[in-house]
Amino acid sequence: QFFLLLASGLTIFDAINHTFTTMSTGGFSTYNESVGALNNLRAEMIILVFMIIGGGNFSLYYALWQKQWRQFFRDTELRFYLLILLIASVIITLNIYPTHYNTLAEAARNGFFQVVSITTTTGFVTADYDKWPYLTKIILFFLMFLGASGGSTSGGIKQIRIIILIKYAFREMRKVLHPSAVIPLRLGKKVIPEEMVQNVIGFSILYIFTFLLSSIIMGSLGLNFITSLSVTATCLGSVGPALGLLGPAYTYAGLPAIAKLYLSFIMLLGRLEIYTILVLLLPKAGAKRF
């Protein structure tokens, strides 16, 4: 990515910094206006491709390196991940085209970039998406929860967990019709252990509970409804920019100190996937561990 960005016209300083923050899905740029300040289509496309790579499962890349083509292209999570990116990007592109951009190509350029940036929790921006239509903002808000693939550098719930939750929900509906049936959950040809299913359900409940509680706390500190919800979602998922008063055109500098401290905590909580931190806060578990 570094050499490709150099070839696109970026300086060594900009190329190396954007490479590091793309592959780690960290999202920090050398400019206040983020990637949009580069005004460089080739650089944007390079960053977009490598954000998608950063949001993929790295064990799959090892399989690809080992020439295990079938394992790579038949992976359920990879297909789901790419499908989500495609569907969300197309909907947002069509939604912003007639009202905010003169050409479909320009709308696609910004729409696809923002979908990939937020889904992979990278947090780069090329446009102030807080000015886009409500449908687009709703989709981007929900993408803050998804994250990218398990085994990637992204934050969020992770799409492998979303797949398991969807499969679990459909299995429970089938069991209403066939109460005595034993229906294992599968990813491809592999059966998902029930212990893993319960772990995913528990994690998802904790994630949503943390989101709701933290949104209430942000509201109690004076943030409005949209800002409270979005800043909690974006910090818990390690995305970066939010909506409302903390959208891509603003920073977190104006927040009260207590809000910054709490958001720092939930960023750590989300990045370490909740269980790690919460277990340390349990007195008995802490005593056993230390």
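A: Start with a definition: helices (H or I, at least four residues) and strands (E, at least two) are DSSP runs, numbered from the N terminus. The model here is predicted, so local features need pLDDT of at least 70 and side-chain atom pairs count only at pLDDT 80 or more, while totals for chains, interfaces and linings use all residues. Residues are numbered from 1 along each chain as its sequence is written, and side-chain values use heavy atoms, with hydrogens and water left out.

Q: How many helices and strands are in the protein chain?
A: The protein chain has 14 helices and two strands.

Q: What share of the residues counts as buried?
A: Buried means under 20% relative accessible area, exposed over 50%, and partly exposed in between (1.4 Å probe, protein chains only). Of the 290 residues of the protein chain, 45% are buried.

Q: What is the accessible surface of the protein chain?
A: Such areas come from the Shrake-Rupley method with a 1.4 Å probe; for residues, only the protein chains shown count as cover. The total for the protein chain is about 15500 Å², and carbon and sulfur atoms account for 69% of it.

Q: How many positive and negative side chains are there?
A: Lys and Arg count as positive, Asp and Glu as negative; His and the chain ends are not counted. Each charge is placed at NZ of Lys, CZ of Arg, CG of Asp or CD of Glu. The protein chain has 22 positive and 12 negative side chains. The centres of the two sets are 11 Å apart.

Q: Which residues have the most contacts inside the largest nonpolar core?
A: A nonpolar core is a set of buried Ala, Val, Leu, Ile, Met, Phe, Trp, Tyr and Cys residues joined through side-chain atoms within 4.5 Å. The largest one here has 62 residues. Those with the most contacts inside it are Ile47, Tyr129, Trp132, Leu140, Phe141, Leu143 and Val231. Elements giving two or more residues to this core include α3 (41-54), α6 (76-100), α8 (134-146) and α11 (225-236). The largest share, seven residues, comes from α8. Apart from this core lies another, of six residues, among them Ile164, Val197, Val200 and Ile201.

Q: What does Met218 touch?
A: Contact means heavy atoms within 4.5 Å. Met218 sits in helix α10 and is buried, at 0% relative accessible area. Not counting residues up to four places away in sequence, Met218 touches Leu223, Ser228, Val231, Thr232, Ala259, Tyr262 and Leu263. Met218 and Leu263 are 45 residues apart in sequence, yet 8.9 Å apart in space, C-alpha to C-alpha. Val231, with the same exclusion of residues up to four places away in sequence, touches Met218, Leu223, Ala242, Leu246, Tyr252 and Leu263.

Q: What fraction of contacts joins residues at least 24 apart in sequence?
A: Among contacts between residues at least 6 apart in sequence, that fraction is 60% in the protein chain.

Q: Which phi value does Ser238 have?
A: Ser238 has a positive phi of about 60 degrees, although it is not a glycine. Ser238 lies in the loop between α11 and α12 and is buried, with a relative accessible area of 18%. Glu273 also has a positive phi of about 60 degrees without being a glycine. Glu273 is in the loop between α12 and α13 (275-281) and is partly exposed, at 23%.
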